[in-house]
Amino acid sequence: MEGFSLGGLGRGRYWFFVPAGTKEFRVKLLGVHPGVYGAAAIAPGGKLVAYHQGANPGGTQLPWSADKGQTADAHPERGELIVKPSPDDTGKVWGLALWAATDLACELVGVPPYLALKADTWFEP
């Protein structure tokens, strides 16, 4: 969901659903605080299909924060995974590894915007 962030993330693995027939989906990232952040999309068979690692070199990236730490049009605190799944890998639950120095904003686009802590507990409310 837009504006969703995970606080005190460190690193973790989550699960999400890619509906049958999905041609493309995206995972938008925002390193909220200074430090390294990243994500990896993992297909149902365990294959790494997309990876991004970046760093927020400056200020806090919260809507109410005055210290955004941005310069010109450079935004190294933002990253994105773009995935074009094979038809055989749609209609299934995928893995998403996330890591960040502290907090990470994460938005799923083109798939249901829900993360589960275990593959067998994913559901769409």
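**Entry 1: aromatic pairs**

I count two rings of Phe, Tyr or Trp as a pair if their centres lie within 6.5 Å, using the six-membered ring for Trp. By this rule I find 5 aromatic pairs in the structure. I keep in mind that this is a predicted model.

I looked up F16 and W94 among them: their rings are 6.4 Å apart, centre to centre, with 40° between the planes, and the pair is tilted. F16 sits in strand 2 (residues 10–18) and W94 in strand 7 (residues 92–100), so I am looking at a link between distant parts of the chain, 78 residues apart. Buried or exposed, I wondered of F16? F16 is buried, because its relative accessibility is 0% and the cut-off for buried is under 20%. W94 is buried too, at a relative accessible area of 1%.

Next I turned to F17 and W122. Their ring centres are 5.2 Å apart and the planes meet at 25°, so I note this pair as stacked. F17 belongs to strand 2, while W122 is in the segment after strand 8 (104–109), so the pair ties together parts 105 residues apart in sequence. F17 is partly exposed at 22% relative accessibility, whereas W122, at 15%, counts as buried.

I also see F16, F25 and W94 joined into a cluster by ring pairs.

**Entry 2: the fold in outline**

I find 8 strands and 0 helices, so the run of elements from the N terminus reads β-β-β-β-β-β-β-β. The protein has 125 residues, and 41% of them are buried. I looked at contacts between residues at least 6 apart in sequence: 75% of these join residues at least 24 apart. The exposed surface comes to about 6,900 Å², with carbon and sulfur atoms supplying 55% of it.

**Entry 3: the nonpolar core**

In soluble globular proteins, nonpolar side chains tend to be buried together, and I went to see what is here. Which residues of the largest nonpolar core touch the most other members? They are F16, F25, V27, L96 and L98, in a core of 24 residues. Strand 2, strand 3 (25–31), strand 4 (35–42), strand 6 (78–83), strand 7 and strand 8 each give this core at least two residues.

Setting aside its neighbours within four places in sequence, I list among its contacts F16, V27, A39, L81, C106 and L115.

**Entry 4: a buried asparagine**

N56 lies in strand 5 (residues 48–56) and is buried, at 3% relative accessibility. What does its side chain reach? I traced the N56 side chain to the backbone oxygen of G31, at 2.9 Å.

**Entry 5: salt bridges**

How many salt bridges does the whole structure hold? My search gave 3.

E24 pairs with R26, their closest N and O atoms being 3.1 Å apart. E24 is partly exposed at 30%, and R26 is partly exposed at 27%.

E24 also meets K84 in a salt bridge, 3.7 Å from N to O. This pair links the loop between strand 2 and strand 3, where E24 lies, with the loop between strand 6 and strand 7, where K84 lies, 60 residues apart. K84 is exposed, at 63% relative accessibility.

R26 pairs with E80 as well, at 3.4 Å between the closest N and O atoms. R26 is in strand 3 and E80 in strand 6, so this bridge ties together parts 54 residues apart in sequence. E80 is partly exposed, with a relative accessible area of 32%.

I close the page with E24, R26, E80 and K84 noted as a network of salt bridges.

Terms used. Residues are numbered from 1 along each chain as its sequence is written. This is a predicted model: local features need pLDDT of at least 70, side-chain atom pairs count only at pLDDT 80 or more; totals for chains, interfaces and linings use all residues. Side-chain values use heavy atoms; hydrogens and water are left out. Rings of Phe, Tyr and Trp (its six-membered ring) pair if their centres lie within 6.5 Å; planes under 30 degrees apart count as stacked, over 60 as edge-to-face and the rest as tilted. Helices (H or I, at least four residues) and strands (E, at least two) are DSSP runs, numbered from the N terminus. Buried means under 20% relative accessible area, exposed over 50%, partly exposed in between (1.4 Å probe, protein chains only). Contact means heavy atoms within 4.5 Å. Accessible areas come from the Shrake-Rupley method with a 1.4 Å probe; for residues, only the protein chains shown count as cover. A nonpolar core is a set of buried Ala, Val, Leu, Ile, Met, Phe, Trp, Tyr and Cys residues joined through side-chain atoms within 4.5 Å. A polar contact is a pair of N or O atoms within 3.5 Å; within protein, one must be able to donate a hydrogen and the other to accept it, and residues adjacent in sequence count only if both atoms are side-chain atoms. A salt bridge is a side-chain nitrogen of Lys or Arg within 4 Å of a carboxyl oxygen of Asp or Glu.
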